[in-house]
Amino acid sequence: MTDLSHIRNFSIVAHIDHGKSTLADRLIQATGTVADRDMKEQLLDAMDIERERGITIKANTVRLNYRAKNGEDYVLNLIDTPGHVDFAYEVSRSMRAVEGSLLVVDASQGVEAQTLANVYQALDAGHEIVPVLNKIDLPAAEPDRVKANIEDVIGLDAHDAVLISAKAGLGIEDVLEAIVARLPAPRGDRNAPLKAMLVDSWYDAYLGVVVMIRVMDGVVRKGDRIRMMQTGAVYGIDRLAVLRPKMQEWPELGPGEIGVFTASIKQVRDTRVGDTITHEKKPCAEPLPGFKPAQPVVFCGLFPVDAGDFVALREAIEKLALNDASFTYEMESSAALGFGFRCGFLGLLHLEVVRDRLEREYDIDLITTAPSVVYHLYMKGGEMRELHNPADMPDLTHVDHIEEPRIRATIMVPDDYLGDVLKLCQDRRGIQMNLTYAGGRALVDYDLPLNEVVFDFYDRLKSVTKGYASFDYQITGYREDNLVKMSILVNDEPVDALSMMVHRDRAELRGRAMVEKLKELIPRHLFKIPIQAAIGGKVIARETLSAMRKDVTAKCYGGDATRKRKLLDKQKAGKKKMRQFGRVEIPQEAFISALKMDD
Amino acid sequence: MATLGDISQRDGASDARDNVTKPEGRPGPLNQINRDPVENWQRGGFGLYLHWPFCLSKCPYCDFNSHVAARIDQREWQDAYLAEIARAAGETGERVLASVYFGGGTPSLMDPELVAAILDAVRAGWRVVNDLEVTLEANPTSVEAGRFRGYAAAGVNRLSLGVQALDDRDLAALGRLHTAGEARAAFDLARATFSRVSFDLIYARQGQTPEAWRAELGEALTMAADHLSLYQLTIEPGTAFGTRHAAGRLPGLPDEDRAVALWDITQEMTGAAGMVAYEVSNHAVEGAEGRHNLVYWRGGDYLGIGPGAHGRLTLDGIRLATEAPRAPTAWLQAVRQGRGELPREALAAGDVLAERLMMGLRLAEGVTMAPGDLPPAVAARIDMLVSDGLMWRETGRFGVTATGRRLLDAVLREILADQGGSQPDSDI
């Protein structure tokens, strides 16, 4: 057992590519937690997808032992937080589990919007923050400019920032010393009833569900009967351990300590991040504040390209959901796409990660329908209904009004591109809330409807700013607006998978863009095909795809029969990538591409 | 359509038996003619295709199995053709042959003696109809024209001339070795030598305007051929044109609108001249239709002999696809080893139907088929296409309309949409 005064708990806040994982690796090496020869680059980002995208999705932690220059031994617990806005709640819980943060900023770049969100989370959690400037060995490094930038943008004193190069291993000792000297020790009462926060949980193929906790008060030991206060479930602890970063069994965890346990929990779904864990027999008086159940904000349909893969998709989704409590799903059937699932996600990145995993790890080709947000329909009778899928929109005569989710978007962009960014936000029905400048960069806050952001806002932002903008958002609430359901009719038949909710004032524009795009995406047929956008019975945009005019093999004799037949078979196989609507075949990519706005 | 029905009636006569020449010393079981459904004249009879794989040079648009060789031993080739004819006759000798077709390559590079020897062997191998059609493809150069008499003497009665264009610059662009003047002279000689003459033109060429095509086709129609094959230039992968096209170095090809305009001019002018299209690209005065190709298009049986030649043979109710090794030396070697043929493929019912429609719908007369012979889904889609004005249907027969014909490939994809692809090849 380590005395509270010799424990330091911290997280690392950094923008993608600013060197969070590399620094974590160096801290593990410098403290001798893992022998150099066992060190795998960037230990903490285990999953392929995380590594590819340069982001950390599942929080991990590592317990380090460090003998400081004052000759005393300290336990340093690093919690590796998810770095993306979609996981803001998880981040907030991780932040509550530690007392301080290292703010790692690339000395050649400066602070980015996504960093800001996590810094604010850290400040909210009352953290002491130690700025760390990384990559100081790069020729482009400008430590003084970046220090000023940190002070301007965050308002954090950066004059004694630690200068390091995680890659080159420079300044790592200084970081460890700063952790010991500048971060506060945790507080807690060893003799109080057990009160621990559930920080994270994941599924391990050998151990089952592993739960990560931070003990606030009391002591937990192997064999203890514990209760999860939010779910009410009671378990016996089978195994108690710390992560170094491999699991190492540990006799007990006291106040300020971070570790993991297993308790024959069947599914990750049975655990809730932010839940309070206490002893069954001698519980604490009240749970920790701030618990929120996971709330999906973006929904889309996932359908197998090959209808025969439906069962495989269901199994894959069920498996994935076991390990991801924030992902929801229900069966959906579409006239166009057959059987699939309507899935809910914490945000767009979460959506992409889940879709990638389904396609990659489970080898299922998917059609993803346009992402939609959750609308609140207030019915004439006063009842409120959630609308997850525009195809389910009830008859308007029964609806009193519709509310949509709004976000507060924070965008950081070099001055040169500010005009384009403001125009983009304005076009997406944004309301400017704040605009400040700091060192050649603008920081702009917009109030935006989530449905305008959910599809291709980020892509557009990247393209108008040549990748120089960084973006973050937070959901702020619901607001009424003039929203309508726009249907798309192809050859006079409505295509449910293409229907969408739009603002009435934007409907013509979007409708025209959609039908023009579809006209390009749908191959010509033997007959002409009207493509229309409509609100209720009223057509607001129309294009006609003309009929094919000539498609005939000039020469076909005896020797060509086999070749021609095989060619025909090949063409028919190509048709499998199409979806049949009445007599019209729509290529799969049309379901997503048609919704991309070129603004 | 009525025309073709008439031809087959006339050719078939009221009793096929009257129309048969018995090869000497081979009595043959005549009663089998009626037993074998493929032998019926509705299907165009039974044909023999002979492939001569050599050309003096390779044309940049051609993807046929043709080769340029420094030296050709015509004796060696004669032995091989005769051996294959004997082998094929051993298997199908009881059938009645309606047509022989020398295709290539450039068959007009064959010695007339070689052609004569082959035709002698054919007559010895099968009973043939009285008016056996014997076609030979020829290039209209002066050298080859010198062999026309010899071919006629050997028994060739129909010449198919690869004129391709009546414009010297375009002929050069198409890689042809003759001039328009030579082509006209060769045509006149052919006309005087053979009872039936056809020639080919390639249109929708680089930079070809509708006016230019009108003028050229007008001239072609005055040349008094009884049969014209008018092909829109097709860029095939693996050809010189294909490579150039892929590299963006084949400018001036017609866009779809231009191609349609050229197509329409072709239909209009040939129709006015009494040479209506009886097939997608083939036009004839009444009664002069190429009977050999009708065998293919009507779904009849035909033998394919020579490098890369394909055949269709119905044996014991199973339709077999036959194919010979493509490379000339490989074929010769296979023949020396006793069989100039690759393993045969038994066609699944779906493949037979696909081929029947693919080939048969090329004809203006359409496909004759009992209503019950079509899968219901296929019949339903045909009805749909009838309502689109792309097909027509009457009792026991259906086809594509004039508009449908220039969309035939798309029409076929639609008709056969849910018909399974080929079954795994089963070798016999």
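**Figure 1. Polar contacts link chain A and chain B in this predicted model.** The rule finds 23 residue pairs in polar contact across the interface of chain A and chain B, both residues of each pair being at pLDDT 80 or more. Nine salt bridges also cross this interface.

**Figure 2. A salt bridge joins B:Arg413 to A:Asp551.** Here the closest N and O atoms are 2.7 Å apart.

**Figure 3. Chain A and chain B bury about 3600 Å² between them.** Carbon and sulfur atoms carry 52% of that buried area. In chain A, the residues that lose the most area to chain B are A:Leu526, A:Arg549 and A:Arg565. Together they account for 20% of what that side buries. By contact, 27 residues of chain A meet 49 residues of chain B.

**Figure 4. The second largest cavity holds about 130 Å³ of space.** A search of the whole structure finds four cavities of 30 Å³ or more. The second largest cavity is lined by 18 residues. Closest to its centre are B:Arg87, B:Leu303, B:Gly304, B:Ile305 and B:Glu341. In chain B, α3 (74-92), β10 (302-305), β11 (310-315) and β12 (318-323) each give two or more residues to the lining. By class, the lining of this cavity has seven nonpolar, four polar and seven charged residues.

**Figure 5. A cis peptide bond runs from B:Gly104 to B:Gly105.** Omega is near 20° for this bond. B:Gly105 sits in a loop of chain B. That loop lies between β3 (96-104) and α4 (112-125).

**Figure 6. A:Arg429 has a positive phi.** The angle is about 65°, although A:Arg429 is not a glycine. A:Arg429 belongs to the loop between α9 (418-427) and β25 (431-438) of chain A.

Definitions and conventions
Residues numbered from 1 in each chain as written. Chains lettered and ligands numbered in written order. Predicted model: local features only at pLDDT ≥ 70, side-chain atom pairs only at ≥ 80, totals over all residues. Heavy atoms only, no water. 1 Å grid on protein atoms, 1.4 Å probe; cavity = no way out; pocket = protein on both sides within 12 Å on 5 of 7 lines; lining within 4 Å. Points joined across faces, edges and corners; volume = space filled by probe spheres on them. Helix = DSSP H or I, 4+ residues; strand = E, 2+ residues; numbered from the N terminus. Nonpolar A, V, L, I, M, F, W, Y, C, P; charged D, E, K, R; others polar. Contact = heavy atoms within 4.5 Å. Buried area = accessible area lost by both parts, 1.4 Å probe. Salt bridge = Lys/Arg side-chain N within 4 Å of Asp/Glu carboxyl O. Polar contact = N/O pair within 3.5 Å; in protein donor to acceptor, adjacent residues only side chain to side chain.
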